[in-house]
Amino acid sequence: MAQPDQKKFFENLSGAGKAIAVLTSGGDAQGMNAAVRAVVRVGIYVGAKVYFIHEGYQGLVDGGENIEEAKWESVSSMLQVGGTVIGSARCKEFRTHEGRRAAALNLVLRGITNLCVIGGDGSLTGANLFREEWSGLLDELVQQGKIDKESAEKYSHLNIVGMVGSIDNDFCGTDMTIGTDSALHRIIEVVDAIVTTAQSHQRTFVLEVMGRHCGYLALVSALACGADWMFIPEMPPADGWEEQMCTKLSENRARKKRLNIIIVSEGAIDTSNKPITSEHIKDLVVKCLGFDTRVTILGHVQRGGTPSAFDRILASRMGVEAVLALLEASADTPACVVSLCGNQAVRLPLMECVQMTQEVQKAMDERKFEEAVRLRGRSFENNLNTYKLLAHRKPQSELPIDDPSCRSSFNVAVLNVGAPAAGMNAAVRSAVRVGITEGHKIFAVNDGFEGFAKGQIKEIKWGDVGGWTGQGGSLLGTKRTLPAKHLEKIAEQMKANQINALLVIGGFEAYLGLVELLAARGKYDEFCVPIVMVPATVSNNVPGSDFSIGADTALNAITDTCDRIKQSASGTKRRVFIIETMGGYCGYLASVGGLAAGADAAYIFEEPFDIRDLQANVEHLTAKMKTSIQRGLVLRNENSNENYTTDFIYQLYSEEGKGVFDCRKNVLGHMQQGGAPSPFDRNFGTKIAAKAMLWISRKLKETYRKGRVFANTDDTACLLGMRRRALVFQPVVELKNETDFVHRIPKEQWWLKLRPLMKILAKYKTSLDVSESGQLEHVVRHRRPEESEGVPA
């Protein structure tokens, strides 16, 4: 990685004299357009010529009008559109040598030697073959007299960079492919709709989702909706599964559960590699149990609709990295694919990823299913392990034995603190069920620390949290009250209920609460127990974590609103919208929401601005109104500046824009906190809370001495957060130095690096530090340590 004094800046990289072509190939995926938009705008920004190739490889072979130079305005309004605007098509000709020779001619005639391919493994494999044959194809074109020797020498090598667009998330080497998160949104929307109708009638629903060779969509949607049973190709059910499944469905119904959900991947198989179909499952349930059972096959609904905020941001980040990789490529650079590892964009050799993806299928064909899961990567493996922890309630006989010499049954309290955040309930459900599986008694505390002091605490059982994953807000109740005023009463309640550990799910108040409990350990032995916090706040302002539960749902609320506003503005030309987002002093929602919504500017506290900046933005929008894009979108974080309020900015823009554009303002308010949690938040909450509960079990056993738990070291009060590529437990004491307590934000925030990207895509000249880019890594084949877990999505 570049040293601080050797920083590499994007604006120092020139694309002058270079030509970049972008194509989308294979099945379409939401977010492809965001990737195309980023490649086009960043390519033009650095001075390169950028070309669309319409209709994928077919357009590359046919040439003519299929290869069209792109302008800045060409990609306007693409961000929120699903599918691929430039088209995609299967192409038999490109699979032939003659077809690839025709494609090479079409590129050379336009001076294009940089190709960005957005597609699946088949599309990327084809691109790599094309690159390997390139010099031979040019020699043949010279012999045929179609190009001269000078052209062959000038365009002697082809650079290839791939981005994976696939709703199945079936490509090894990346934690998430473009389109997967949006497909999960479609699935969960359907599941949430089914839940309401099925509960009215006591029904069993069998849902078939896409994934012919990969079970990611089925696995994550099963986690996100708390499905009763799941079938995926990588992990077929053990022999005798029919009886086990029916027993489980029957037990759930006996516990007054009115709805059963079974999720089936379209490529589901048994241990003999025979297909398991949704109809077969339905017939089995009807025959054995007589339950009213319906099948829903989602099909191409999963490919449709607008891309989620996650996919827009992912595709935009990948698009910038792809252009960067093309600018830095040489004849010796292998074709690479831009991937997501944890929360970092990385470059990996394309063929290493393709080879590993093919090895998964080979392992499945040979019935080496554990090997297939391992090859899928850590994100897939972690999801599967979490599902196994949560899906099946262990009989009492299988729970850890309460042996006095090695006690494993403890009392653990779970509470929500701070403002409500979508996904809190998924985290509570996960913590309760994993805790019970670990052999503990779990106590639910209502209304945070305030409720704790009042004794609003009672044991919570496995069945009590059924159906919680899809519920917004906080079913336990949550308050911002800090524990300092109530320490004595909370200690009394801890003693009365024999609480041996605490799991706190919440935002900045939860973090402050842990700091206060830690400080009180010297006075109250009751607080000398393992304590862990899981960050949950829409503001995403908790130190020690790149992401908080609830922030993704809030981002989607912001982008959905901005999409509708932009749509209304397209009907009435020359209009600028000023939108105020939540977040306290943290500008995460305004900045990342601005990137996802295609905003022209986003005002935040962390990046001070003055009247000159406001004036420059007005002038920028005035110039924009003279183009074919006659609308503007400006986001402002609620506490970005005490004097430059939303009203002030609205009035300033209205005055300065007179005769050029008019203004409207919109304060989004608490709608950002409400609604059903997004798939990301359900899954992140589920995985992170499960991991937190396993940590509690470990710490309880470590700190149990002479018949009691006593934990007073720094590493027994931790915050569990996502840091770059890993989920890590960090002592709260160590995080204090990283915290701006006055403004309730971390001193350093990773997403500030995304702000220049938003500005570049809005046509501002700006400085972008790309010191961390440019390192070609290799696909990791061995198991990472347990701590190193990627972004769960």
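These legends describe close-up views of one predicted model.

**View 1. Confidence along the chain.** The average pLDDT of the chain is 91. A score of at least 70 is reached by 93% of the residues. Two stretches fall below 50. One covers residues 1-5, where pLDDT is below 50 and the model shows 5 contacts beyond near neighbours in sequence. The other covers residues 782-793, also below 50, with 46 contacts beyond near neighbours in sequence.

**View 2. An open sheet of 7 strands.** The strands follow the order β3-β2-β1-β4-β5-β10-β11. Their pairing is mixed. At the edges stand β3 (67-69) and β11 (344-349). Each has a single partner strand, so one side of each lacks a neighbour in the sheet. From one strand to the next, the twist averages 25°.

**View 3. The pairing of β2 with β3.** Strand β2 spans residues 49-53. It pairs with β3 in the antiparallel sense, over 3 bridges. Look for I53, which stands opposite I67 in β3.

**View 4. Two helices across the sheet strands.** Helix α4 (residues 121-143) lies across β4 (114-119), β5 (159-164) and β10 (336-341). Helix α4 runs at about 160° to β4. Helix α10 (residues 309-328) lies across β1 (19-24), β4, β5, β10 and β11. Its direction makes an angle of about 170° with β5.

**View 5. The buried side of helix α12.** Helix α12 takes in residues 369-376. Its buried residues are F369, A372, V373, L375 and R376. They cover an arc of only 165° around the axis, so they sit on the same side of α12. An α-helix has 3.6 residues a turn, so residues three or four places apart point the same way. The cover over the buried residues of α12 includes α11 (350-365) and α13 (378-391). Just after α12 comes G377, with a positive phi of about 110°.

View 6. The structure holds 0 disulfides. A disulfide needs two cysteine sulfur atoms within 2.5 Å. For C341, the closest cysteine sulfur belongs to C353 and is 11 Å away, too far for a bond. C341 is buried, with a relative accessible area of 7%. C663 is in no disulfide either, and its nearest cysteine sulfur, that of C562, is 15 Å away. C663 is buried too, with a relative accessible area of 4%.

Definitions and conventions: Residues are numbered from 1 along each chain as its sequence is written. This is a predicted model: local features need pLDDT of at least 70, side-chain atom pairs count only at pLDDT 80 or more; totals for chains, interfaces and linings use all residues. Side-chain values use heavy atoms; hydrogens and water are left out. Two strands pair if DSSP finds at least two bridges between them. Helices (H or I, at least four residues) and strands (E, at least two) are DSSP runs, numbered from the N terminus. Axes are lines fitted to C-alpha atoms, for helices over the stretch in contact, and angles run from 0 to 180 degrees between N-to-C directions. Contact means heavy atoms within 4.5 Å. Buried means under 20% relative accessible area, exposed over 50%, partly exposed in between (1.4 Å probe, protein chains only). The arc is that of the directions from the helix axis to the C-beta atoms. pLDDT is the predictor's confidence in each residue, from 0 to 100.
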